[in-house]
Amino acid sequence: MYAQERGPARAVSSRAPRSYAGFMLARRRRGYFWMMGGCILLFVSAWGFVRLWSVPVAVGMCVVAMVIPPIAAMVANRRGPDDRWWDDPSGDPKSDEWWDELDGKKPRQ
């Protein structure tokens with residue numbers, strides 16, 4: 001009854017909502033590709049046409065482009081505050097049980 005009072009029903013998307021981890025991965029991947037695209041653009045434009053006007057500016061553009069890939073790698077591999085990599089199961093049941101007990105996930109028996 002409550003849904004009828006609010007108005008017409010909204011169309012429900014067939015896609016499941018993206019999880020937080022999937023969203024973070026997509027955001028980091030997008031940032032990485034934007035930065036690497038900028039790096040390629042700097043290299044190509046520096047030696048494609050900027051060198052015709054000023055070689056020192058083209059060299060400066062290449063120096064800036066050299067710094068971008070390591071920064072892009074750091075952006076792509078950065079973990080967010082809610083990315084919980086440390087409590088992923090290790091595969092060793094005894095160790096996982098011990099860590100779960102220490103983290104308070106499992107009460108002591």
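Predicted model: local features only at pLDDT ≥ 70, side-chain atom pairs only at ≥ 80, totals over all residues.
Phe-49, with a relative accessible area of 44%, is partly exposed.

The rings of Phe-49 and Trp-53 form an edge-to-face aromatic pair, with 6.3 Å centre to centre and 80° between the planes. The two residues are 4 residues apart in helix α2, which means that about one helical turn separates Phe-49 from Trp-53. An α-helix has 3.6 residues a turn, so residues three or four places apart point the same way.

## Tyr-32 and Phe-33

The structure holds 2 aromatic pairs. One of them joins Tyr-32 and Phe-33, again edge-to-face, at 5.5 Å centre to centre and with 75° between the planes. Tyr-32 counts as partly exposed at 27% relative accessibility, whereas Phe-33 is exposed, with a relative accessible area of 52%.

## Helix α3

Helix α3 comprises the 23 residues 55-77.

The buried residues of α3 are Ala-58, Met-61, Cys-62, Ala-65, Ile-68, Ala-72 and Val-75.

## Leu-41 and Ala-65

Leu-41 belongs to helix α2, residues 20-53, and counts as exposed at 59% relative accessibility. Ala-65 is among the buried residues of α3. Although 24 residues apart in sequence, Leu-41 and Ala-65 are 8.7 Å apart in space, C-alpha to C-alpha.

Terms used. Residues numbered from 1 in each chain as written. Heavy atoms only, no water. Expected span 1.5 Å × (residues − 1). Buried < 20%, exposed > 50% of the residue type's maximum accessible area, 1.4 Å probe, protein only. Phe/Tyr/Trp six-rings, centres within 6.5 Å; stacked < 30°, edge-to-face > 60°.
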